[in-house]
Amino acid sequence: MAAADTPALMLNAPLVATRLGYPDLSGLDLLELFAFVFPARFCVPTPKGLADALELDEPTSDDTVPALLQLAAGKILEHCESEEWAERDGAWSSLQSLTKMRWPWAQILAPHIRRPERAEKWLFAKLPEWEETPERPQPAQISIPDDTIEAQLDHLTGDGAERRQGQRDYAKAAGKVFEPRDKRDMPHVLLAQAGTGIGKTLGYLAPASLWSNAARGTVWVSTFTKNLQRQLRSESRRAWPEQRPDGSRPVVVRKGRENYLCLLNLEDAMQGGFGGRPAILAQLVARWASFSRDGDMIGGDLPGWLGTLFRKRGISALTDQRGECVYAGCPHYRKCFIERSARASAQADLVIANHALVMVNAARGRDHAQRPSRIIFDEGHHVMQAADSTFAAALTGQETIELRRWIIGPERKNKGRRRGLAARLADVASYDEAGGEAVEAAIKAAQTLPSDGWLQRLNDNEPWGPVESLLAAVRSLTYARDESGGQEAGYGIETEAAQLPGNFVELAGQAESALAAIRHPLIKLGVRLESIIEDAPDWLDGQGRARIEGARHSLSWRVDLLAAWESLLNRMGGPSDPEFVDWLSVERSEAREFDIGVHRRWLDPMKPFAKVVLEPSHGVMLTSATLRDGEDWESAVAASGAPYIEVQPQLSSAESPFDYASRAEVLIVTDIKRGDLPALAGGYARMIEAAGGGVLGLFTAIKRLRAVHGRIADRLARGGLPLFAQHVDPIDTGTLVDIFRDDPRASLLGTDALRDGVDVPGESLRCVVMEGVPWPKPSILHRARRAAGGGSAYDDRMIRARLAQAFGRLIRSKDDKGHFVVLSAAFPSRLLSAFPPGTPVIRLTLDEALQRVSEGVSGKARQPENPGITLDEDSIPF
């Protein structure tokens with residue numbers, strides 16, 4: 001009641017509200033004040049993290065936190081009066097806007113921020129413009145001697161660093177990727193297994209930095225997680241300076257468009273597009289944009305917690321989520337963060353990207369000369385997963401309505417600055433008759449696509465148009481045939497696209513014709529735009545030319561998308577294509593439908609990957625700590641895509657230097673029954689208490705994670721053991737990991753994203769607890785791949801890889817030690833090879849496991865005292 005009635009001083013209001021069960025709690029949130037005064041600065045959003053950021057004494061207990069919050073507020077306000085305040089520029093003007101919005105901190109801040117002598121420039125006036133640069137010449141063809149690579153590795157690791165032979169062999173193997181290739185479409189391919197602790201980042205950066213410097217070419221390093229991107233950016237400073245003498249950056253982090261701030265969206269938000277609390281967020285984002293390194297909102301220097309303070313999805317609304325960019329038609333085009341990043345990457349020595357962007361860039365990059373040719377895929381075990389998504393086709397309600405909006409633009413009462421084809425190409429529509437007719441034909445044909453309210457119409461059995469009618473049939477048939485059990489549980493449901501009734505096939509044909517009617521005028525428009533560029537009319541100025549170039553790229557993408565949908569529907573009712581897996585689905589969350597569609601995936605997505613990514617490249621390296629399954633290279637080679645282009649990849653293996661036998665134990669708890677939720681929750685709570693925090697709890701289902709968290713969070717908090725959880729706490733995953741890393745007594749519950757992307761060395765992570773074996777989801781797609789991949793052997797390889805990745809979270813440095821606990825007896829012995837050789841594996845009761853966890857790992861190998869406990873793999877039951 002006090003928190004609701006009084007504007008209380010607090011830290012992370014949404015989190016406090018969640019813990020109190022009071023959804024609309026507001027007040028003086030110190031995180032908002034920090035974001036205003038120190039934009040683009042890092043701070044862990046906890047009392048300890050705030051104290052560290054402000055150089056105050058850390059709170060010794062919960063009782064001392066209120067006094068800390070008052071001290072922190074005073075220090076931040078005092079800093080606003082200091083001449084050393086580096087982020088003063090723009091603060092006064094922003095505060096005037098925030099005062100009108102009744103931001104709680106505005107009146108408190110006002111006396112501490114003096115009015116500038118000169119009017120402050122608006123954000124959009126002071127951001128620097130990017131400049132066009134000449135195209136980089138093709139790289140020189142060179143070879144790098146092994147001794148040169150070793151010398152560079154010594155330089156990067158520094159004087160006094162331990163000489164690790166495994167790292168040196170790994171670096172020399174990586175150097176072979178940069179050799180000149182002998183035949184067209186035959187790249188050098190290296191598969192490199194590198195155990196945790198081998199130092200693989202510097203291992204491949206050593207030859208990469210030598211090659212880029214000598215050949216004047218660009219190396220792309222691709223990751224699956226943003227955490228590794230941050231680590232790479234930090235490590236790369238050993239090999240490259242922050243800036244070249246001309247001011248350009250040799251190292252660039254490149255991400256998809258949806259990660260960057262869209263200045264046009266921000267301007268719209270600041271000029272009335274956002275109201276209430278989201279309008280305050282827009283002002284704070286504008287403050288950040290003035291000082292941001294690169295405008296990266298997701299994993300960059302924007303605090304990950306900022307968007308979560310404002311409940312609604314304000315951050316995503318400020319990015320280009322829907323491919324709505326108007327390119328040169330935007331008034332902020334020359335200042336655009338996305339365009340700046342793309343141009344910087346064309347001149348960079350090292351581009352740090354993610355797997356999906358590398359594949360998309362290879363498949364449909366706007367400039368063929370800038371497509372990656374020397375690529376290192378770190379976290380290479382995820383390349384197939386990324387390829388699976390990149391080369392997929394999905395004709396769904398959500399996808400079709402996005403296409404409709406892209407072609408037609410805003411309709412009826414829809415707000416926003418979305419622009420249809422007619423608005424994007426107004427000059428073409430006005431001055432070029434053929435182009436104008438093509439635009440009109442596309443808009444007319446797009447009227448047949450689903451529009452707002454389509455889900456309700458399907459629910460009422462009143463579909464409108466051929467595509468909605470098909471989606472209604474998909475929905476009806478999926479509910480009729482699904483046997484997954486998801487209907488009762490509230491999960492998404494699916495059925496294979498086989499043995500389809502005649503009326504369904506007829507509806508698919510009608511939808512295919514409707515899509516073709518959209519694609520044909522778009523093709524004509526693309527041809528017309530190309531001819532306008534080649535033979536420029538008098539009315540085409542430089543800005544118009546750039547706008548048409550951008551439109552051509554967007555058109556090409558949509559034409560390809562429509563062609564993929566047509567191909568998908570053309571197969572309905574006919575013989576199945578053995579290279580693809582097709583199915584129908586109704587996507588649901590807690591029994592609420594949110595999308596319906598027809599899906600197609602490659603049976604082996606590495607086939608298009610090989611053609612699109614490998615074949616045009618000169619050198620490609622896939623590396624990971626879990627690239628192969630045990631000692632078996634066969635599955636790793638098959639999963640690389642190399643066999644599809646008849647390339648025999650080079651193989652390299654470097655074992656981890658860590659002493660797992662004495663630093664870790666795997667404990668398999670045998671007395672928690674499957675499906676016994678109270679026992680599972682009790683096991684997690686007691687394990688966290690025994691470890692004194694520092695536990696990473698991994699789940700295979702969000703529903704169970706939430707149930708366990710709800711049962712144990714209060715109990716642990718009362719014992720001084722903070723518990724945080726994905727899908728429960730209103731905090732993004734990256735910030736949750738930052739909080740976990742910063743507090744050795746905190747524990748964190750999560751799902752797949754935490755199994756793969758967490759790097760927390762030291763005391764903060766002492767124990768990993770899994771609820772059970774991470775069995776694959778029995779989907780239609782998995783069933784098909786399982787049949788093609790060897791049945792149960794395919795499943796076992798997948799599960800062992802997941803277990804190895806989860807175990808890899810535990811030991812991140814030579815001084816780390818801890819326990820890996822599985823709260824389930826159903827652990828087949830054939831999966832134990834997932835763990836490093838020599839790691840003790842012990843089957844025991846929960847009480848026995850708690851005793852071992854509370855005692856900690858001694859640092860030397862030991863045998864279990866209880867004769868009933870065994871290290872024999874065969875004794876572990878199925």
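Q: A nonpolar core is a set of buried Ala, Val, Leu, Ile, Met, Phe, Trp, Tyr and Cys residues joined through side-chain atoms within 4.5 Å, where buried means under 20% relative accessible area (1.4 Å probe, protein chains only). How many residues does the largest nonpolar core have here?
A: Keep in mind that this is a predicted model, in which local features need pLDDT of at least 70 and side-chain atom pairs count only at pLDDT 80 or more, while totals for chains, interfaces and linings use all residues. Residues are numbered from 1 along each chain as its sequence is written, and side-chain values use heavy atoms, leaving out hydrogens and water. Leu30, Phe36, Leu109, Leu261, Val285 and Leu306 have the most contacts inside the largest core, and its size is 58 residues.

Q: Which helix gives the most to this core?
A: Helices are DSSP runs of H or I with at least four residues, numbered from the N terminus. Several of them supply at least two core residues each, including H3 (30-37), H5 (65-79) and H14 (277-291). With nine residues, the one that gives the most is H14.

Q: Besides its neighbours within four places in sequence, which residues is Phe36 in contact with?
A: Contact means heavy atoms within 4.5 Å. Phe36 is among the residues with the most contacts inside the largest core. Its partners, leaving those neighbours aside, are Ala91, Ser94, Leu95, Leu98, Trp103, Leu109, Ile113, Leu284 and Arg287.

Q: Is Thr400 buried or exposed?
A: Thr400 sits in helix H19, which runs over residues 397-408. Beyond four places in sequence, Thr400 is in contact with Leu395, Leu449, Pro450, Val467 and Trp565. Its relative accessible area is 0%, so Thr400 counts as buried.

Q: How far apart in space are Glu379 and Leu228, C-alpha to C-alpha?
A: Glu379 lies in the loop between strand S7 (374-377) and helix H18 (383-390), a strand being a DSSP run of E with at least two residues. Glu379 touches Leu228, and also His355 and Asp756, among others. In sequence Glu379 and Leu228 are 151 residues apart, yet in space the distance is 8.7 Å.

Q: What radius of gyration does the chain have?
A: This value is taken over C-alpha atoms, and the globule rule is 2.2 Å times the number of residues to the power 0.38. For 878 residues, a compact globule would come out near 29 Å. The chain agrees with that, at 28 Å.

Q: What share of the 878 residues is buried?
A: In soluble globular proteins, nonpolar side chains tend to be buried together. Across this whole chain, the buried share comes to 53%.

How values were computed: Buried means under 20% relative accessible area, exposed over 50%, partly exposed in between (1.4 Å probe, protein chains only).
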